[in-house]
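Have a look at the model below before reading on. The notes after it go through its aromatic rings, its core and its helices.

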Amino acid sequence: MDVKDVLIDAYGRIKEEVHAAVDGLSPAELHSRPAPDANSVAWLVWHLTRIQDDHVADAAGLDQVWLCQGWEQRFGLALPSRDTGYGHGAAQVAAVRVDSGDLLTGYFDAVHTRTLEYVRGLGPDDLDRVVDERWTPAVTLGVRLVSVLADDLQHVGQAAYVRGLLRH
């Protein structure tokens, strides 16, 4: 199996879990938070999607799907246009509100499609390319793609947990 096939499979698992976490939840359930400082399903899915969109677009030298496909306008959030949710406090988490899960999964699916298109086009040497020199050691494309996977899987697991609390 080629490394990019492993990445494609792993990113596909995120998609499955995002849809499972959101499917059938009402707007009230999407925004419910198990504690005042906890994250909602809506925020978690929005954030993990923003991180994937931001990081993959940067590595690929592309515009973010959020900006170039009109998702920022569709969401209509009172946040800076390039905000990914990193470092959000309770008030900012509460500000991420959607009318339905379809908006969340629609944006996620658009980012997922872009990510897979990019990964399918990679050659074996591409994963060794340095994409971020602000770290020691510098971050390669392979490390960045795995980092996004890890972050997304962590947050979709959190969303599934919050969903389980709501449906228990």
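What follows is a short tour, from the ground rules to the chain's loops and ends.

## Ground rules

This is a predicted model, so to speak of local features takes a pLDDT of at least 70 and side-chain atom pairs count only at pLDDT 80 or more, while totals for chains, interfaces and linings use all residues. Residues are numbered from 1 along each chain as its sequence is written, and side-chain values use heavy atoms, with hydrogens and water left out.

## The aromatic rings

How many aromatic pairs does the structure hold? There are 5 of them. Rings of Phe, Tyr and Trp (its six-membered ring) pair if their centres lie within 6.5 Å; planes under 30 degrees apart are stacked, over 60 edge-to-face, and the rest tilted. Take Trp 46 and Trp 66: ring centres 6.2 Å apart and planes at 70 degrees, so this pair is edge-to-face. Trp 46 sits in helix H3 (residues 41–60) and Trp 66 in helix H4 (residues 65–68), so the pair ties together parts 20 residues apart in sequence. Helices (H or I, at least four residues) and strands (E, at least two) are DSSP runs, numbered from the N terminus. Trp 46 and Trp 66 are both buried, where buried means under 20% relative accessible area, exposed over 50%, and partly exposed in between (1.4 Å probe, protein chains only).

Trp 71 and Tyr 107 make a tilted pair, because their ring centres are 5.8 Å apart and their planes are at 40 degrees. With Trp 71 in helix H5 (residues 71–75) and Tyr 107 in helix H7 (residues 101–120), this pair ties together parts that are 36 residues apart in sequence. Trp 71 counts as buried at 9% relative accessibility, and Tyr 107 does too, at 1%. Ring pairs link Trp 46, Trp 66, Trp 71, Phe 75 and Tyr 107 into a cluster. Arg 74 lies over the face of Trp 71, 3.9 Å from the ring centre; the test is NZ of Lys or CZ of Arg within 6 Å of the ring centre and within 35 degrees of the ring normal.

## The nonpolar core

Which residues touch the most other members of the largest nonpolar core? Among its 48 residues, that is Trp 46, Phe 75, Leu 104 and Leu 145. Helices H1 (3–22), H3, H4, H5, H7 and H8 (141–167) each supply at least two residues of this core. A nonpolar core here is a set of buried Ala, Val, Leu, Ile, Met, Phe, Trp, Tyr and Cys residues joined through side-chain atoms within 4.5 Å.

Leaving aside neighbours within four places in sequence, Trp 46 is in contact (heavy atoms within 4.5 Å) with residues including Trp 66, Phe 75, Asp 83, His 88 and Leu 104.

H3 has 20 residues and reaches 28 Å from first C-alpha to last, close to the 28 Å expected at 1.5 Å a residue; the expected span is 1.5 Å times one less than the number of residues. Since 16 of its 20 residues are buried, H3 is largely enclosed by the rest of the structure. Just after H3, Gly 61 takes a positive phi of about 70 degrees.

H8, with 27 residues, should span 39 Å, and its end C-alpha atoms are 39 Å apart, which agrees. Its buried residues, among them Leu 145, Asp 152, His 155 and Arg 163, pack against H1, H3, H7, strand E1 (130–132) and strand E2 (139–140). Ser 147 also lies in H8, but is partly exposed, with a relative accessible area of 39%. The C-alpha atoms of Ser 147 and His 55 are separated by 9.5 Å, though 92 residues apart along the chain.

Pro 137 sits in the loop between E1 and E2, and a cis peptide bond joins Thr 136 to Pro 137, with omega about 0 degrees. Asp 2, in the segment before H1, is partly exposed at 37% relative accessible area.
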